[in-house]
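This briefing concerns the sequence and structure shown below. Please keep both in view while reading the points that follow.

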Amino acid sequence: MASQKDLDFTYSTIDKIFRLSMGETGDYSGAMYNGDFSLTLEEAQRQKHQFIADSLSIGPGSKVLDMGCGWGPFLTYIKGRGADGRGVTLSQGQAAACQRNGLRVDVKDCRTIRPTDYGRFDAITCIGGMEHFCSIEQWQAGQQDAVYADFFQHVADLLPVGGRFYMQTMVFSKNMPPFERIRLDADPDSDAYYMALMVAEFPGSWLPYGPEQVIRNAEPKFKLISKSSGRLDYIETIGQWRKRFRAFSLEKYLTYASLLPQLLINPAFRGLIATFRKSPNRVCFERELMDHYRLVFEKV
Ligand SMILES: C[S@@+](CC[C@H](N)C(=O)[O-])C[C@H]1O[C@@H](n2cnc3c(N)ncnc32)[C@H](O)[C@@H]1O
């Protein structure tokens, strides 16, 4: 799995830039346009929050755990519904920002939470966290199914029978190139190159092979209630993010400049910077190297 160091690289590095671009508690996961791209990004993110909260019957007093809560967008939304939310993230920058914004968030590995930590919950979410649960090394060692099965066992232990779990995750799709070809020195317009940029941006992370692998490992603890692809919605989300990341503010551009020295000492950083020129996520979705799924599960 991605370590705390990996996730601090991916998320804490851009903490200030993200908050200046997307707002203090902005979303960093695919929005839900349902194909209506006349919506603003904020409207589409709100539509996603509503869909999740409705699917999980979250209302006043509901006890909710948000695994991999980012900068706290979903916790902020359900606070408005009167729910009792708690979040965990492995990024120290995100946790500190959430705490400053009045959210109950700890730096903690969500995959190993036990009922003795916070008790049980009425509903649990994991919005864009599973991408980080299995590393390349674990996949190569044939452990990917075991990693996911163990995660679902932990989630099941935190819910009552009939309790619901929402997750969305990127997955590999039909045009994924073979692993041996995925290299940063591949042809710069090749599928393999874009996938290599993804690996550089998200160290320690390897995706599930389609929603089937996720669903298979959720059983027999959970039954699937709904499944939908958010691939096209994610392409639109990324386009909107890029406009916001580029929008000028002196404080933001000074922060970008302060990151430049790391280019000289950290080769992985060059991969991160390359993603600002052209979004590998977007290209991977467009070429169907990757897809994105929203899944609602119920504990049986
Ligand atoms: C793509 S961001 C999504 C953030 C947020 N859910 C949202 O929708 O904006 C992925 C999040 O998963 C978190 N994460 C990944 N693996 C984790 C783990 N094992 N334990 C806790 N958080 C984890 C990261 O720290 C980050 O907050």
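How many residues surround the ligand, and which are the closest? In this predicted model, 22 residues surround the ligand, and the closest are Tyr28, Ser29, Gly68, Gln94 and Ile127. The points below treat the ligand site and then the sheet.

**Ligand site**

- The shell around the ligand consists of nine nonpolar, nine polar and four charged residues.
- Tyr28 places a backbone N or O atom 2.7 Å from an oxygen atom of the ligand.
- For Thr89, a polar side-chain atom lies 2.9 Å from an oxygen atom of the ligand.
- Gln94, one of the closest residues, has a polar side-chain atom 2.6 Å from an oxygen atom of the ligand.
- The ligand taken alone exposes 590 Å², of which the protein buries 97%.

**Sheet**

- An open sheet with mixed pairing is formed by seven strands, in the order β3-β2-β1-β4-β5-β7-β6.
- Its edge strands, each pairing on one side only, are β3 (105–107) and β6 (222–229).
- From one strand to the next, the twist averages 20°.

**Strands β4 and β5**

- β4 (residues 123–127) pairs with β5 (residues 164–172) in the parallel sense, over five bridges.
- Cys126 stands opposite Met167 in β5.

**Helix on the sheet**

- Helix α4 (residues 73–80) lies across β1 (63–67), β2 (84–89), β3 and β4.
- The direction of helix α4 is at about 175° to β2.

Definitions and conventions:
Residues are numbered from 1 along each chain as its sequence is written. This is a predicted model: local features need pLDDT of at least 70, side-chain atom pairs count only at pLDDT 80 or more; totals for chains, interfaces and linings use all residues. Side-chain values use heavy atoms; hydrogens and water are left out. Two strands pair if DSSP finds at least two bridges between them. Helices (H or I, at least four residues) and strands (E, at least two) are DSSP runs, numbered from the N terminus. Axes are lines fitted to C-alpha atoms, for helices over the stretch in contact, and angles run from 0 to 180 degrees between N-to-C directions. Contact means heavy atoms within 4.5 Å. A residue is near a molecule or strand if one of its heavy atoms lies within 4 Å of it. A polar contact is a pair of N or O atoms within 3.5 Å; within protein, one must be able to donate a hydrogen and the other to accept it, and residues adjacent in sequence count only if both atoms are side-chain atoms. Accessible areas come from the Shrake-Rupley method with a 1.4 Å probe; for residues, only the protein chains shown count as cover. Ala, Val, Leu, Ile, Met, Phe, Trp, Tyr, Cys and Pro count as nonpolar, Asp, Glu, Lys and Arg as charged, and the others, Gly among them, as polar.
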